[in-house]
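Please look over the sequence and the model before reading on.

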Amino acid sequence: MFHKSKLMFWTSEVLLLTIIFFIWRQMGDMITPVVSVINTILIPFVMGGFLYYITNPLVTLLEKKLKINRIFGILITLFLLFGLVTVGVIYLLPILINQLSSLINSTQNLYWEIQSFVNQLSKNPLFKSLNIQSTIQQLNLSYVDILQNILNSVTNSLGSVVSAVINTLMILIMTPIFLVYFLMDGHKLLPMLERTVLKRDKLNISSLLTNLNATVARYISGISIDALLIGTLAYIGYSVIGLKYALVFAIFSALANLIPYVGPSIGLIPMLITYFFTDPHKMLVALIYMLIIQQIDGNILYPRIVGSVMKVHPITIMVLLLLSSNIYGIMGMIVAIPTYSILKEIVKFLANLYDNHKEAQQQKKNEEFGIIKK
């Protein structure tokens, strides 16, 4: 009975993930060049696939409902997509840059706000024995020192900066190319496999691929719509409350919401840090507002938009996020859950095939020995 226990299953799963991560880290020096090459292709490939699942429903709608040729449907969709990007760059980017610049400038005073808070805290009888002032001085948290360290790091790693710029340009160029090819030929892949490789599909693999594709499509489109709703509601709420950097905080909340489970909490961090020392009252009002929005989203919106397409245990989610963030950063955290769910479904499919094969073999043996199963 123990092998059927849920505790045994999740424990084994978490241990397996941890072992894989440990092996990965031990092989770090050997596989780093390979990972670097893979990243150059993988990131625009994943981003192109992400945009494909968002834009493909519109292309399909134009093709099947409005009877527009797929090529023209793709052109219309790309025109709308790049139009939205252009509008965002023209109208929202200046506001975003202005708010970011103001936010960066305001952080110069944050150190003094923290120091004032620490001074008041050190006068409290409960904290006198901790010698907080000495600890803060040892940490050397001066804004100028931090900025100087950052500049020194940038100067000492100019090659890395140039490499990062080139990689970013490659991503910006390759992502639209992947997207166009996905929109043109993505819907032909499964029919092509059914005509060739899966022509005699006795194992019903085509059904598995269809289900996986539908699951990923629903998940990606669902979390994108959900993130857009959260970002919009956050911007409206922050603006009404009177936060100076409402757009910055709202965009961060929307992007963080793409990260499963912990994303909504991560999205609140910039707002909390910025206003904790400067305006705690506004911070508290904004925090209560966002917690209400997150409760509505978690209990009403998210289940209806995304559903339970990715059935993953919370403990497994936390382990996956920790491992993926160490390997691929934010991008890894976003794709970790759908990738894991796909692999899990494939493993379950293979396990069912193996069980069916064993059952068929046993049935064959029973028939050979004249054993009739009642």
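Predicted model: local features only at pLDDT ≥ 70, side-chain atom pairs only at ≥ 80, totals over all residues.

Which residues form one aromatic cluster? They are Phe45, Tyr52, Tyr53, Phe178 and Phe182.

**The aromatic cluster**

The count of aromatic pairs comes to eight.

| Pair | Geometry | Centre to centre | Angle between planes |
|---|---|---|---|
| Tyr52 and Tyr53 | edge-to-face | 5.1 Å | 65° |
| Tyr52 and Phe182 | edge-to-face | 6.2 Å | 65° |

Tyr52 lies in helix H2 and Phe182 in helix H7, so their pair ties together parts that are 130 residues apart in sequence. Both of these residues are buried. The relative accessible area of Tyr52 is 10%. Tyr53 has 18%; it counts as buried because the cut-off is under 20%.

**The nonpolar cores**

Tyr52 also belongs to the largest nonpolar core, which has 25 residues. Together with Leu183 and Tyr219, Tyr52 touches the most other members. H14 gives the most, with eight residues. At least three residues come from each of domain 1 (33-124 + 161-186) and domain 2 (193-363).

What does Leu183 contact, leaving aside its neighbours within four places in sequence? The partners are Tyr52, Thr55, Asn56, Val59, Arg70, Ile74 and Leu78.

A second, separate core holds 17 residues. Leu103, Ala234, Phe249 and Ala286 are among them.

Asn257 sits in the loop between H10 and helix H11 (263-266). Is Asn257 buried or exposed? Asn257 is buried, because its relative accessibility is 10%. Beyond residues up to four places away in sequence, Asn257 touches Asp226, Ala227, Ile230, Gly263, Pro264 and Asp297.

**A loop residue with positive phi**

Lys67 is in the loop between H2 and H3. Its relative accessible area of 68% makes Lys67 exposed. Its phi is near 60°, a positive value in a residue other than glycine. Most residues other than glycine have a negative phi.

**Annotated regions**

An unreviewed UniProt entry lists several residue ranges as "transmembrane region", including 74-97 and 227-252. Over residues 74-97 the chain is 100% helix, and the end C-alpha atoms are 32 Å apart. Over residues 227-252 the chain is 85% helix, and the end C-alpha atoms are 10 Å apart. Strand content is 0% over 74-97 and 0% over 227-252.

**The whole chain**

How many helices and strands does the chain have? The chain has 14 helices and zero strands. Of its 374 residues, 27% count as buried. The accessible surface comes to about 24900 Å², and 69% of that belongs to carbon and sulfur atoms. Among contacts between residues at least 6 apart in sequence, 71% join residues at least 24 apart. The pair of Tyr52 in H2 and Phe182 in H7, 130 residues apart, is one example of parts tied together across the sequence.

Conventions. Residues numbered from 1 in each chain as written. Heavy atoms only, no water. Core = buried A, V, L, I, M, F, W, Y, C linked by side-chain atoms within 4.5 Å. Buried < 20%, exposed > 50% of the residue type's maximum accessible area, 1.4 Å probe, protein only. Helix = DSSP H or I, 4+ residues; strand = E, 2+ residues; numbered from the N terminus. Domains from an automatic or database assignment. Contact = heavy atoms within 4.5 Å. UniProt positions renumbered as here; feature names shortened; annotations may be inferred. Areas by Shrake-Rupley, 256 points an atom, 1.4 Å probe, with all protein chains shown as cover. Phe/Tyr/Trp six-rings, centres within 6.5 Å; stacked < 30°, edge-to-face > 60°.
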